[in-house]
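This briefing covers a ligand site, some backbone features and a pair of packed helices. Please look at the sequence and the structure before reading on.

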Amino acid sequence: MVSVDRALQLLLAEGATRAPEHIALDRAGGRILAAPIVARRAAPARDASAMDGYAVRDADLVADWNALTVIGESVAGHGHTGSLKTGSAVRIFTGAPVPDGADRVILQEQVRRMGSQVLVPHPCAQKRHIRQAGSDFIAGDLLVDAGVPLTPARLVAAAAADIAEVAVFGRPKVMVIATGDELRTPGFDMARPDSIPESVSFGVAELARHFGAEVAIHPRLPDDLDRLQGAAAEMLDKADILVVIGGASVGDRDFSRRMFERAGLRLHFSKVLMRPGKPVWFGKAGGTCILGLPGNPTAAMITARLFLAPLVAAMAGREARTALDWRARPLADGLEVNGDYECFLGAGTRAGGVSASANRDSSAQRALAATEVLIRRRPHAPAAAAGDFVETLEF
Ligand SMILES: Nc1nc2c(c(=O)[nH]1)N[C@H]1C(S)=C(S)[C@@H](COP(=O)(O)OP(=O)(O)OC[C@H]3O[C@@H](n4cnc5c(N)ncnc54)[C@H](O)[C@@H]3O)O[C@H]1N2
Ligand code: MOO
């Protein structure tokens, strides 16, 4: 049996990032950049108007009101050709190139238009309403570092930098399999009272996707060692990480480790000093990582959050710690002294702080749905009172 920290260390030693690939920007959302985004052009490329109005020369604005001849128009996408001469103005719109010779843009609300002329007030010390060429960035500027996800906002910056294709890390392939004679597909074939809906694979698959994996769900299998061993070899070929749900404990029909014996399983840890989730195990067969989750749904989801999420994140090109962002939050209610095992309590958040679920049974699924954060209780942590700070993780 190993501690949670030691288990993480052993697991993450196997979390090598996937090779980078080049993909079109419109398919790159959420992927992790393998190379930085460097601007290929300046923004704006030339001086641009920040407002709708008139481009004018300061030298023409000496009186309280100044009559200027409107000699043309500059709209976004079609700039005015030619420069601004003494006594003239150019009608201009937001985003349009500012004609050469213009010093500022006067807002249209502040002028009086009279036929081909415009009456422009003295600008006093008003803003110029001109975005200078390169004031956002210039060609060669680093806009986004490697190693971070392409968020919606970063996709905008990459496109603005005139980039059509980005280098991102490959996504790890995760295959999830649920095992157990009692399991049935939700919504089907629940006639026998000893059948239960298979629920855990849905949560584990979504969690893996959320942290950057490409996920496949293998059809679930009964507790039949021959069939499990037969499926093992085929699954190992198709996945970077294989997640087996159930059969992790010591019962006569708990086969999740033995399922991979023939494939040459090398166990890195088997059992962790934690509650819930003690039966969780991790090993490798060939080049594939195998994570065995306990079947009890709360135990499965907590161990997946603590071990699968950082492994996927690391393989997808992020630092594993980004998936384990422990934060101090105050307790809304007190907690009892902790025992020898490290404990992870599902909790909700309220105005006063975090509040652990009353139901701590590792088979609970209603309390799981209400869990927003996990509270971490180190071995032998003393009793804690409302208002005390505890380590918490987004769930
Ligand atoms: N003698 C001992 N018994 C048990 C120990 C132990 O140390 N000694 N550990 C207990 C702990 S802790 C856990 S957790 C469970 C883990 O058991 P398994 O991983 O072998 O899981 P199963 O027996 O297959 O299932 C447990 C429970 O969860 C339900 N289940 C399983 N898979 C799913 C699924 N995909 N969707 C929904 N529900 C699932 C299953 O029906 C069982 O009710 O072992 C304790 N026993
Ligand atoms: O993982 Mo078990 O469900 O610790 O009780």
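In this predicted model, an oxygen atom of ligand 2 is 3.2 Å from an N or O atom in the side chain of Asn-296. The model is predicted, so local features need pLDDT of at least 70 and side-chain atom pairs pLDDT 80 or more, while totals for chains, interfaces and linings use all residues. Residues are numbered from 1 along each chain as its sequence is written, ligands are numbered from 1 in the order in which they are written, and side-chain values use heavy atoms, without hydrogens and water.

**Ligand 2**
- A backbone N or O atom of Gly-277 lies 2.5 Å from an oxygen atom of ligand 2.
- Residues surrounding ligand 2 (a heavy atom within 4 Å) include Pro-276, Lys-278 and Ser-362.

**Backbone**
- Arg-275 and Pro-276 are joined by a cis peptide bond, with omega about -10 degrees.
- Pro-276 sits in the loop between strand E19 (274-275) and strand E20 (281-285); strands are DSSP runs of E with at least two residues, and helices are runs of H or I with at least four, numbered from the N terminus.
- Another cis peptide bond, with omega about -15 degrees, links Ala-43 to Pro-44.

**Helices H3 and H5**
- The axes of H3 (residues 200-210) and H5 (residues 297-315) come within 9 Å and cross at roughly 20 degrees; axes are lines fitted to C-alpha atoms over the stretch in contact, with angles from 0 to 180 degrees between N-to-C directions.
- H3 and H5 are therefore roughly parallel to each other (angles under 35 degrees).

Note on methods: Angles under 35 degrees count as roughly parallel, over 145 as roughly antiparallel, 65 to 115 as roughly perpendicular and the rest as oblique. A polar contact is a pair of N or O atoms within 3.5 Å; within protein, one must be able to donate a hydrogen and the other to accept it, and residues adjacent in sequence count only if both atoms are side-chain atoms.
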